[in-house]
There are 2 protein chains.
Amino acid sequence: MAVLERGWRRLISEVGVRFDAPEAQERFRRAGQTVDDDGVVRFDPDFVLEQAALAPSSFTLRARNPERTVRIGGGDAVFGSVAGPPFVRRGDERRDATFADFCDLQRLTQAFDDIDLPTILPCEATDLPIDSRHLDMALAELTLTDKPFHGALFSGDKTRDGIAMAEIVFGGPDAIEETPVLWSVVNVNSPLRYDVAMIDVLVATAERNQMTVVTPFLLMGAMAPVTIPAALVQQTAEQLAGVALAQLVRPGAPVMLGSFLSHTDMQSGAPGFGGPESTIGLLASGQIARRFDIPWRAGGGGLTSSPLPDGQAMTEATNTMLAAFLAGTNFFLHAAGWLESGLVASFEKYVLDVELLRILKEQFAPLVVDEAGLAFDAHVEVGHAGHFLGAAHTLERFRDCFYRPFVFTTSSYERWARQGGEDSVARAGTVWQETLARYEQPPMDDSVREELEAFVARRRRELGD
Amino acid sequence: MAVLERGWRRLISEVGVRFDAPEAQERFRRAGQTVDDDGVVRFDPDFVLEQAALAPSSFTLRARNPERTVRIGGGDAVFGSVAGPPFVRRGDERRDATFADFCDLQRLTQAFDDIDLPTILPCEATDLPIDSRHLDMALAELTLTDKPFHGALFSGDKTRDGIAMAEIVFGGPDAIEETPVLWSVVNVNSPLRYDVAMIDVLVATAERNQMTVVTPFLLMGAMAPVTIPAALVQQTAEQLAGVALAQLVRPGAPVMLGSFLSHTDMQSGAPGFGGPESTIGLLASGQIARRFDIPWRAGGGGLTSSPLPDGQAMTEATNTMLAAFLAGTNFFLHAAGWLESGLVASFEKYVLDVELLRILKEQFAPLVVDEAGLAFDAHVEVGHAGHFLGAAHTLERFRDCFYRPFVFTTSSYERWARQGGEDSVARAGTVWQETLARYEQPPMDDSVREELEAFVARRRRELGD
């Protein structure tokens, strides 16, 4: 840890972090940091730590359905859907993602209790006009789900649109500033640079006391050196520089230390997810985040480079998801539906990931070891070489004593073959189709919905779409 | 831990463990334990602990190729192939396993350095006569691989045949007793019973100072109560009773505490592998084994109930394999090729499991954090928002800085589709076929081979096959 501590201090003070927006440069200059003509800020590491100490170690993120409100930080963990893919895979079909896919993914996120946070980009809505699609996406996210709102992304203006819509839903400006209702992800332009758009999102989010997830996206070999310690100190320097800016904008603004650390396949040049680099990145990032006592977001559990939701995909997904659990992750982004290094939102993988999540949630629940659990009477009853199927202890508990899968099977071969002999992808396909068929849209006051729609219509006109 | 300690002590002393063989009853009676007319031995727990303390905490298991010799126990981990399946799956074909399949699986185990231990039963040789097939299987294992010998299984007589063959290969009786060369698995007839055949295998192995893996096979709900603490104390009582017998037969005989703890699906009655029960069983069993300072064998990483080597299979396999790593397992049995709750040896899953193993071995290697790894010069060289692909630090390390998969892919979708668009099962199929095509049989002295063949021919005649 001392080597890493020395590493980020040296990096942030000697090489520094470049902030492209004059507003950010000016804030850091006024705070006594050294800013050169190119916008490179050379930080006093102790100043950075003082700023980081202003960030809350845990906080509430409010949902429009109070039962969906979550705690961020401490011992709590929340799970978000995939975000970002331009493509979708539904069964054997892989194609450009559309708004219809987007809405279906929001419906799945609403339907599965295991996923706490929808994202504003479970896939791109490539069939909508680019300047105004964020309005349609935000409206759909807000109306198809009643979970916390990922309203802020892309740019400062679009983030302000998201915040305006949140004000409509959550009771106005004061209400959302009292308890955060919305979150943004700020991806650093690694190495060591924040561009104008990202700074703008960060400022727009922080100034209204909403949650900013400051996330260096580091593929070693491309955006970071090829050694994990170097990537870790770069990640820390980049995270803390962003957190420092957020705290200058509004002391106490809720932030998360984001991590998205994996590697570039040095033969193909493609990103690699799900192997040792991803998991060591997760475990180390969690330890470092706890050092600063700021909630942290893992790049994700469920990551994979596989083009199909097959054995490779689920090996890599399980490996990263389990590592993220072990790493004490507070926010698992991309926890359901990520495929093909994030280029594809897979409906089948979404369902398989939910099964994985349920298994791991059960697995990480503390084991109760007490006298009742020892079942001594059952042993006295059954004795030597009998069986426990009919024991009183079994009959009392058989309904809920074990985890029950909903996609995975323990069927005998013969029974499974009789039922169609489907692999787990095919079975997952049936599940998402049935889930969409059963989906019920959560209620929303007509007046709120009308106000949201009017806002979207007005902004769409202003944006010329 | 105190609850579990009280639990196994009460169980082994008050309910006791039944040993069906008079020989075992007599040994325990002479050692001062209470034995009733049914062969139930009620143990003094402190006697059991004294016996367990005679077992070595680590030892060497010798291979006929000295480079393949392994250490059992301590911080060392060894990996064994699947054992036991009556069926095989090769591609889309699932059928009764044959001796040809058996030999091919031995060849894979020889070819992959990641698998340290072949088994005498990677699948059944259902096309060979049942009374003598153990001779053909032992001969094939000994000649197709040069790794340590799993020569002992099934019965005392068959175990003695395996030992006789080991004597031929390893230089006679004294040589094999000096350093163990062979291992047997003794599966307890749970709950709380050892039958005559298993006692016979245990005695035959221990009296010649070979390695005995004492393994309760506990599916909660059937062979054990439905609560994990009860299964753990039963497992401990059964393990220690077997270890006590082995140490009475030969003080200091090498033994392992085996664990195979999962559950019965209470709806289907089928065994369930790979979920929370399997992994919690692994983690708890590892902790308990360390308490007794005896090497321990995990039921396995790589376990699954899936009928296909698909996403379910690899989720469950990864979950159990990672748990077995975390549990400090000394011997991972069934680490490659297990499918369908152990009924099927899958050639494709064998290959996928090897990829999984390689990932995890890399993942669990200690991370070096030092000044060189911080790559400060690379950061100075690249600065802000460049990339590291051409940095000197990258060029020095790019060949081996990251894990390189051999079945998994990071290819772009377009490239992968051009190459055939195969899922990981199809790609694994290509790998095992190529591996078998490249297989080279390890050398063996002609005189040794002839003596082995003569032994097999003689015993076959004696057995009437």
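Between chain B and chain A there are 38 residue pairs in polar contact, counting pairs where both residues have pLDDT 80 or more. That pLDDT condition is there because what you're looking at is a predicted model.

## Where the two chains meet

Let's stay with chain B for a moment. Which helix gives the largest share of the side of chain B that touches chain A? That would be helix α11 (residues 311-326) of chain B, with 9 residues.

Now for both partners together. The contact takes 103 residues from chain A and 102 residues from chain B. About 8500 Å² of area is buried between the two chains, and carbon and sulfur atoms give 69% of that.

How many salt bridges are counted between chain B and chain A? The count is 4. One you can look up in the structure joins B:E371 to A:R10, where the closest N and O atoms are 2.9 Å apart.

## A buried strand in chain A

Next, head into chain A and find strand β10 (residues 182-188). Why is this strand described as largely enclosed by the rest of the structure? It's because 6 of its 7 residues are buried.

Strand β10 of chain A has pairing partners, too. Strand β9 (residues 149-152) of chain A pairs with it in the parallel sense over 2 bridges, and A:F149 has A:L182 as its bridge partner in β10. Strand β12 (residues 211-220) of chain A also pairs with β10 in the parallel sense, over 6 bridges. Look there for A:N187, which stands opposite A:T215 in β12.

In general, strands of a sheet pair through backbone hydrogen bonds, and they can do so in a parallel or an antiparallel way.

Strand β18 of chain A pairs with β19 (residues 344-346) in the antiparallel sense over 2 bridges, and A:W338 stands opposite A:A345 in β19.

Here are the strand pairs side by side:

| Strand pair (chain A) | Sense | Bridges |
|---|---|---|
| β9 and β10 | parallel | 2 bridges |
| β10 and β12 | parallel | 6 bridges |
| β18 and β19 | antiparallel | 2 bridges |

Note on methods. Residues numbered from 1 in each chain as written. Chains lettered and ligands numbered in written order. Predicted model: local features only at pLDDT ≥ 70, side-chain atom pairs only at ≥ 80, totals over all residues. Heavy atoms only, no water. Contact = heavy atoms within 4.5 Å. Buried area = accessible area lost by both parts, 1.4 Å probe. Salt bridge = Lys/Arg side-chain N within 4 Å of Asp/Glu carboxyl O. Polar contact = N/O pair within 3.5 Å; in protein donor to acceptor, adjacent residues only side chain to side chain. Helix = DSSP H or I, 4+ residues; strand = E, 2+ residues; numbered from the N terminus. Buried < 20%, exposed > 50% of the residue type's maximum accessible area, 1.4 Å probe, protein only. Pairing = 2+ DSSP bridges.
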